Structure formats: C-alpha cells, structure tokens
Amino acid sequence: MKLVVSTPEGNVSAVQPDGTITLGRAAENNLTLPDPRVSRRHAVIHVQPDGPFLIDLGSANGTYVNGVRVVLPTRLHGGDVMILGSTTVTVAAEEDIQVTERGLAARRREETMTVISLEKREISVLVADVRGYTSLSERLPVEQLSQVMGSWFRRVGVLVQRHNGLVDKFMGDGVMALWVAQAGDPGRSVEDAVDTALDLYRESTVFPQQLRFWPKGEQFRVGIGLNTGAAILGTLGTQARRDYTATGDTVNIAFRLEPLTKTLAYPIVASEETVRHVRGRYPFEPLGPVGVKGKAQPVTVYGLDPGRVQ
C-alpha cells in the first residue's frame, strides 16, 4: 500500500508503510504532517490480516475517509482519500502494469502458493469489547463519539505495549491482543495479559470523565475475555501477501469468553488454562463449566473483579 501525501503547502511525498504507521504533527510519528490542524498523535494505520485499517486517536479535528468521519477502525482501499486537518492523504491504487498472458499466469501461480512459515507456540489471548456502543452512539454527536473511541483505542494500544503484548487486530469497537509465552517462564506472559485486562478496565472507568462533553450518568464499560493455550503463530498467506497472525482453538475460545461478561456479572472472564498459571496471584472466582459456541465440551471459566485486586 502506498500513501500519497499532499500538505497544505502543496508538497507531495510517497510513503510505503510496513506494518503499523502513525500519523501526526509530532516528529516521532512514522509520517509527520506539519499541519497546525493535525494533532500531535492524530491517527494510526494498523495492517491486519484482512487489510490496512485506519484508526483515529481521538484527534481534535477528526480524521475523514472519503468525506466520512472515522469513528471505528475503517478499512482502507486503493483510491481512498483521507483528510487529517488540512492535509490530504490518498491511498494509491497499485500501479497499472501491462501484463502478458504468460506473465499473468505466472502471477496467478505466485499468488496461490501458500507460504508455510508457522510454529506452534503457547500464547495468551485477550479480547476486549466496548459495552453499550449502540446506546453511546445514539447519545453523542459523531464528532464527540469519534474522540471517545479514538482516545480509547489509543489507550488500548499503549497499555498492551506497556505490558509486552501485541495488538493483533481491531474489530469494530473491539480489539484482540496476544502474548507469546517464553520458554521456561510461561506464567510471565499470562501475568502480563491479566495485568493488561485489569489496566484496561480501570482506564475505562476514568478516561471518559476527562472529557468535558461526557454525558452525566453515562458509563463507559468494557468486557474482557482471556484464554491461554497452544496456537499456530507466524506468517500465513501467499507469496504475494503475507500476514502475521495467530490461529487455532485458543483464539476462538477467547472470542467466546468475552460475551460471557454480559451475563456473569464480571467484567473479566478467563479460562481455567489462564487461571492455572496465575493461581494465588489474582482473586479469580470459579464460575463453573459454561457451554460455548463451537465447543462440544463445556469450558470451565473464572471471573475477576478488579475492585478486589490491590
């Protein structure tokens, strides 16, 4: 993916992002935009298995894609036009290339060759989702909603990174992060994942109050699911497109645990596999076996009340 940047002064440059790219006025960004209407940390492009996603980071003047203000992570396509402050950023389509029939056949063979660069590793997966987003979107104007969600996603990224994790993907108003266990010390990565869950919950209870427009009496709530186990980790895809991802039952169960926070009265729900690594360190409460979609056998789950953690 190529970004073509037009600054207010008319300068044009091309950027070829690799992985995650940050955009903003501050010099530490991957792409610095010298525009007074651009926030210091304005937005980020996060490359996911299903393509690049643009995320506003709670900027004052907003981020727009094809004239629509970004509220949730937005998939980018070739030809999309982004507006950040007074700066226009165009997602350039792939260059037109004259391809002969023989060249086209070779390209097709290349694109269908599966790249095998995978390994089985022990990981911990965190899935967090914003509760009551629909109600929130009905109460707040889109400009304010964008600032709320952008600020939230920025905080998620900071906290996951602070606890040695990796944001794997953003999904609507949710996020998936993972931690890879180190040989000889698997419990350390699990502790990092649990500490992240606790910090995310605590942050969700205080950050909206820092916003002047936050509706009185409105709560910003999150539900978090945690699971630990083996997964396939590495590069998966074709020769033409390679994606770093984690797949397997461990990931699927984490996604099934997160919705249980709606009915089990705990904002954090974890599997027995997660809890056994940190038993005694955190006051997890046993909730018994619970049937989850896609699993023939019930999964034993535990709840964690952040208010009981010192």
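Guide: Of the 14 residues that line the second largest pocket, Tyr 201, Thr 205, Gln 219, Phe 220 and Arg 221 are the closest to its centre.

Visitor: What kind of model do these values come from?

Guide: This is a predicted model, in which local features need pLDDT of at least 70 and side-chain atom pairs count only at pLDDT 80 or more, while totals for chains, interfaces and linings use all residues. Residues are numbered from 1 along each chain as its sequence is written, and side-chain values use heavy atoms, with hydrogens and water left out.

Visitor: What makes a set of grid points a pocket, and a residue part of its lining?

Guide: On a 1 Å grid over the protein atoms alone, a pocket is an open set of points for a 1.4 Å probe, with protein on both sides within 12 Å along at least five of seven lines, and a lining residue has an atom within 4 Å of a point. Here α4 (186–206) and β15 (221–238) each supply at least two lining residues of the second largest pocket, both elements being DSSP runs numbered from the N terminus (helices H or I of at least four residues, strands E of at least two). The lining of this pocket divides into 5 nonpolar, 6 polar and 3 charged residues, where Ala, Val, Leu, Ile, Met, Phe, Trp, Tyr, Cys and Pro count as nonpolar, Asp, Glu, Lys and Arg as charged, and the others, Gly among them, as polar.

Visitor: How do you know that the length of α4 agrees with its number of residues?

Guide: The expected span is 1.5 Å times one less than the number of residues, so the 21 residues of α4 should span 30 Å, and its end C-alpha atoms, 32 Å apart, agree with that. The same test on α3, which also has 21 residues, expects 30 Å and finds its end C-alpha atoms 30 Å apart, which agrees.

Visitor: Why is Ala 254 called buried?

Guide: Buried means under 20% relative accessible area, exposed means over 50%, and partly exposed lies in between (1.4 Å probe, protein chains only); Ala 254 has 0% relative accessibility, and therefore counts as buried. Ala 254 lies in helix α5 (residues 249–257), and, residues up to four places away in sequence not counted, it touches Val 125, Val 127, Gly 225 and Asn 227, contact meaning heavy atoms within 4.5 Å. The buried residues of α4 include Gly 187, Val 190, Val 194 and Leu 198, and those of α3 include Trp 152, Phe 153 and Arg 155. Over the chain, buried residues make up 46% of the 310 residues.

Visitor: Is Leu 118 exposed, partly exposed or buried, and what makes it so?

Guide: Leu 118, in strand β12 (residues 114–131), has 39% relative accessibility and so counts as partly exposed. Among the contacts of Val 81 beyond four places in sequence are Tyr 64, Val 65 and Asn 66.

Visitor: Why is the pair of Trp 214 and Phe 220 given its name?

Guide: Rings of Phe, Tyr and Trp (its six-membered ring) pair if their centres lie within 6.5 Å, with planes under 30 degrees apart stacked, over 60 edge-to-face and the rest tilted. A search of the whole structure finds 6 aromatic pairs. The ring centres of Trp 214 and Phe 220 are 6.4 Å apart and their planes stand at 65 degrees, so this pair is edge-to-face. Tyr 282 and Phe 284, with centres 6.3 Å apart and planes at 70 degrees, therefore also form an edge-to-face pair. Trp 214 and Phe 220 are buried, as are Tyr 282 and Phe 284. Trp 152, Phe 207, Trp 214 and Phe 220 form one aromatic cluster.
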